[in-house]
Amino acid sequence: MAEAQLSGWGRVFGPGREVVSEDLEAITRDVALTRGLARSYGDSSLPTPEDGVVASSRLADRILAFDPATGVVRAEAGFSLLQINRTFWSRGFAAPVAPGTQFITLGGMVSADVHGKDHHATGSFGPHVRSIRMRLASGDIVVASRDENADLFKATIGGMGLLGHILDVTFTMARIPSAWVAIETEKMPDLGSYLAGLKEAARRYPFTMGWIDTLGASGPLGRGILMRGRWADTREAPAETPRPLVRPGLPFVLPEFAISRATVSAFNALYYGIHPDTPRRKVEHPETFFYPLDAIRNWNRLYGRRGFTQYQCVIPEAAGAEGVQSFVSLLRRTGGSSMLSVIKDCGDEGEGLLSFPMRGTSVALDIPAREGVQDIVDTLNAHLIDLGGRIYLAKDRFTRAADFRRMEPRLDAWREVKKKYDPSGRLRSAQSARLELT
Amino acid sequence: MKVVTLGATRGIGRSLARLFAGRGDSIHLLGRNADDLAKCAEDLLARGAASVTTGLCDLLAPATFAPALDAADAALGGFDTVVLSAGLFGTQDDLANDRGRAASVLVANFTNSVLFCEEARVRLLARGGGRLVAFSSVAGERGRKPVVLYGATKAGLSAYLEGLDALYRAQGLITTTVKPGFVRTSMTQGLKEPPFAGDPDDVAQTVLSGILRGAPVVYAPPIWALVMMVIRLLPRAVMRRVSF
């Protein structure tokens, strides 16, 4: 029988297998890493070849306590954003952050300190977390919060599951007037107006994001579609709770020629073209607005047998619009064919010692994992380091350890906490080994 | 509905109980571990159940069945639906040379499952009927190499449930036999995944709609009805050669 293989969402496989059980405490005793729904793109949720096994939290998904007066929930690590939405939208609560997919677990949301369209308004997930119960490398189970083991708490928020196995999480949900979203979309002719529009929208809307065309060999750099939204109030929203959408799957892996410069350019032109020239307002189904890519269950099969990586970085505000412009023109030159490049504003850096977001502009694009992908990532990283930015570990598969050190002055502080709670470096992932995090 | 469940702390049973909770049903959870039951009860309450109570009951200890169902009856003020999704699993490799474990699987999945259903049957018939839902398996449809013993227990259970349905439906007892295909749960981890594998939440949705329309048999995911139709037609000469 072939050796067992695992991958992240990008479908670049490595050796490994999962143990899964409703009893997460039982299966985390002897493993170096726990994963959730494996939506991190690269090797964050993969074991090292020596370890070979990861625990899966996906069946440990019970709500342990819910207080309707405060919106505080305590749930097991495998409880997913999908379940949060399905359970609480109808009762006037939503998750405190709006990431781009609902197929993520609480454990993953803490470990990657996920952010979303509302980062400029509400920050990442970390600020909404009250406490985390976790199993340390020693096997002991402890609670970390701002009052108890505060150093552990800060290192765990955005700590990629490397401080301990997250068993359950207590967090506060946001109150919403309805589960529908009032949105506005606007076409932007070039990157300059797009970035200005993003800043302006951030002042008035809790949700902002958009898509830009980084290929467009002809025409202005980075034409795009800007989207902004807020929860619809009770007068605008339909009376009923939005019904879960039916999601078809992509039944097989597409051949590699399906994603080429030509097909992606055509897609981008079409996507831009179908949007009307004047701004459009409407009330939208929340799944359509928040999770457009969830609409096709296995869309990661689009990129063919060898898979893909997502490059996501944040360019600090100090680098200015010129910084973003220079980065996007570099993208255009290096020519990774990306279907959707997502650009949005980030608010302030959170308390997590390795959290991704910082005040500035986040850029995300998909790159097929074919010949040359390592060079593309190296080139982008070199420029990113010049701009003072950093990459998002939850997406990364190809960054080199030396480059990561250059973009992460906070690494030493995180390592100190890691040493204190895991002196022998027992908890690790394929990614932490590649980036020499410990 | 007023539902009693045995086996709803895990797997498809857990997913199905959450759908009952989402409808606002009242639920009485039976199981072996009080702490586990209490956590599942809290989960179902948070998901919208009208009320959730718990009681101890062990599929390997038939003496617990009658008192557990009486306690459930008292807690719910008379139940109208009983769901049995507990059971033991073992592949042929697991069981062929382990007589003790084989005996547990045989007893739990056939003898004790039938005894549990009998206790449920008499109580439901006494109040004019209700729903009895029991999880069998597609593994009971043919004798197959990888699951000879397990498949035999499920074949027996399916036959019993079919008989119950034939005998008592006219008296108001609606028996539903659930035949899951391959579902990604902790029970099936480590097994090679065949085509048409399902996830417990989706499968539970199929099961719930089958229960609500009083279907005598529910295949889940539904495509397995077709798959098993083909497998039932395969001659023995073929079954001896194939490895599934």
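**Entry 1: helix 2 of chain A.** I looked up which residues of helix 2 of chain A are buried in this predicted model, and I found A:Leu81, A:Leu82, A:Gln83, A:Ile84, A:Asn85, A:Thr87 and A:Phe88. The helix spans residues 81-88, and because seven of its eight residues are buried, I noted it as largely enclosed by the rest of the structure. I then asked what these buried residues pack against, and the partner I found is strand 8 (93-94) of chain A.

**Entry 2: helices 9 and 10 of chain A.** I turned next to helix 9 (residues 320-334) and helix 10 (residues 373-387) of chain A, whose axes come within 11 Å and cross at roughly 170°. Since angles over 145 degrees count as roughly antiparallel, I therefore recorded helix 9 and helix 10 of chain A as roughly antiparallel to each other. The crossing of helix 9 of chain A past helix 10 of chain A is right-handed. On the helix 9 side of chain A the contact is made by A:Gly323, A:Phe327, A:Leu330 and A:Thr334, which meet A:Ile376, A:Thr379, A:Leu380, A:His383 and A:Leu387 in helix 10 of chain A. Sorted by class, this contact has five nonpolar, four polar and no charged residues.

**Entry 3: strand 13 of chain A.** I followed strand 13 (residues 181-188) of chain A to strand 16 (residues 280-284) of chain A, with which it pairs in the antiparallel sense over five bridges; A:Thr185 has A:Arg280 in strand 16 of chain A as its bridge partner. Strand 13 of chain A also runs antiparallel to strand 15 (residues 224-231) of chain A, and eight bridges join the two. Here I noted that A:Met188 is bridged to A:Gly224 in strand 15 of chain A.

**Entry 4: the sheet of chain B.** In chain B I looked up an open sheet of seven strands, which has parallel pairing and the order 3-2-1-4-5-6-7. Strand 3 (51-56) and strand 7 (217-220) of chain B each have a single partner strand, so one side of each is left without a neighbour in the sheet. From one strand to the next, the twist averages 15°. Strand 1 (residues 2-6) and strand 2 (residues 26-31) of chain B pair in the parallel sense over five bridges, and B:Val3 stands opposite B:Ile27 in strand 2 of chain B.

Helix 3 (residues 65-76) of chain B packs on the sheet, where it touches strand 1, strand 2 and strand 3 of chain B, and its direction makes about 160° with that of strand 2 of chain B. Helix 7 (residues 200-212) of chain B also packs on the sheet, touching strand 5 (130-135), strand 6 (173-180) and strand 7 of chain B, with its direction at about 165° to that of strand 7 of chain B.

Methods. Residues numbered from 1 in each chain as written. Chains lettered and ligands numbered in written order. Predicted model: local features only at pLDDT ≥ 70, side-chain atom pairs only at ≥ 80, totals over all residues. Pairing = 2+ DSSP bridges. Helix = DSSP H or I, 4+ residues; strand = E, 2+ residues; numbered from the N terminus. Axes fitted to C-alpha atoms, helices over the stretch in contact; angles between N-to-C directions. Contact = placed C-beta atoms within 7 Å. Buried ≥ 20, exposed ≤ 12 C-beta atoms within 10 Å, placed from the backbone. Parallel < 35°, antiparallel > 145°, perpendicular 65-115°, else oblique. Left-handed = near helix turned anticlockwise from the far one by under 90°. Nonpolar A, V, L, I, M, F, W, Y, C, P; charged D, E, K, R; others polar.
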